[in-house]
Amino acid sequence: MIGQGGTGKTTLLKIVSCLTIGSKEHIVNAQDDMFKFKAGVKEKLANNQKLTEAEKKDPFSETTLVMNKNTWEFIQRYMLTKSSITPICIDDPNIGLIQSKSAENPLKYLSNTYKGAPHPVVLIAMNDRNHNFSIPHQIGRRAYAFGQENQFRQFSKSEANQLTHFENNLSNQVFLYLTYWIDAWLDNVSDEDYENLSKDFLYPVKQAFKGLLSEHALYDGMKRYFESDNYDIKNDNGRRNWLALLSDKNVLEKISFNKGDETAFIPKDCFPGRDGVSRYFDYLPAKLEICPTQVDAGLSIVIDNMDRWLGNSVLREKYRADTGLAHDEHEIKIAKIQAIEQGKAMAETQFKLQQEVKKQEEKRMRKKLGYKLKNLFRHDD
């Protein structure tokens, strides 16, 4: 898997590792010191020979050539191990790991050794920092490579808490529970089960997982996943590509709006590739009525429908900013705040005036009462 940082490569390795091994702790960090040993040092350690003082002081090499060679030796040893067939996951090696000559001989040897027989799998996630990745022909014939280009949707706070709970406490138990449950289920598949399986190939996994969540009082928090439509790879791929497109500042600057019109026009030069407009139009689910028709000049997008599909408010916020609505709303908000403050000031002034009138009235009444008392005591009788 090749992609930029933050595109979810390590997350995918964790998912695969938990599903196939039952733990994410077996992901190998390609920056580990075990891949940095110099050839002479490594050979001496393998043969239980003593290291020189210089070798003890500086046993490692930071060159990518040494690290890539050591990584491929590690991969080949694993692939030739007679053990259970589970993948090994290697995270963040240098991009040259599958571009250099050090990859060609191990891959040729391994592909000629297995000849289609079951064998372990190595999954590698690497960062293409230079944006110019290519695979040599001989390596491309023997290894699958795909680009992980787009961001995953951010976890909500509750989802993040649940994921942490599973990773820290339940990942191995989840793996074992699902494995045993599905094995038992497959031994006794009813006609109804078979019908459900034909409609949704994840049916047994969902049933097993639902039971496990219920046991741990977590089902309510994830209920919506079980009630949603089955995974649609076309819809997911389209959604991720549109998210990436609308996160590009250069694209956003070219999108135009008209005040009072609930659509955004995206010109054709925003879409990558010769068939960009057609490809991105095909990504859009027809039932959501995001873009009724396609034209050569670009796509007219219904703002709220697109934002609802993508799960954000990028177009609506851009519309408000470009048409001046955001400024108008800001001015209205300021005017409301000023009116409230003015009202408070007026109320405070009115209250003080009332208090002063009350005070003067009380003073007048005391004066009047004092005058009456003086007249009363002025008579001798």
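Me: Is Tyr194 buried or exposed?
Reply: Tyr194 is exposed, with a relative accessible area of 58%. Buried means under 20% relative accessible area, exposed over 50% and partly exposed in between, using a 1.4 Å probe and protein chains only. This is a predicted model, where local features need pLDDT of at least 70, side-chain atom pairs count only at pLDDT 80 or more, and totals for chains, interfaces and linings use all residues. Residues are numbered from 1 along each chain as its sequence is written, and side-chain values use heavy atoms, leaving out hydrogens and water.

Me: Which helix is Tyr194 in?
Reply: Tyr194 sits in helix H8, residues 191–199. Helices here are DSSP runs of H or I with at least four residues, strands are E runs of at least two, and both are numbered from the N terminus.

Me: Change of topic. How many residues are in the largest nonpolar core?
Reply: That core has 25 residues, and Trp242, Leu246, Ile255, Ile301 and Met306 have the most contacts inside it. A nonpolar core is a set of buried Ala, Val, Leu, Ile, Met, Phe, Trp, Tyr and Cys residues joined through side-chain atoms within 4.5 Å.

Me: Which helix gives the most to this core?
Reply: H14, with 4 residues.

Me: And what does Met306 touch?
Reply: Leaving out residues up to four places away in sequence, Met306 touches Trp242, Leu246, Leu284, Ile290, Ile301 and Leu315. Contact means heavy atoms within 4.5 Å.

Me: Which residues of H15 are buried?
Reply: Leu315, Arg316, Lys318, Tyr319 and Arg320. After H15 comes Gly324, with a positive phi near 85°.
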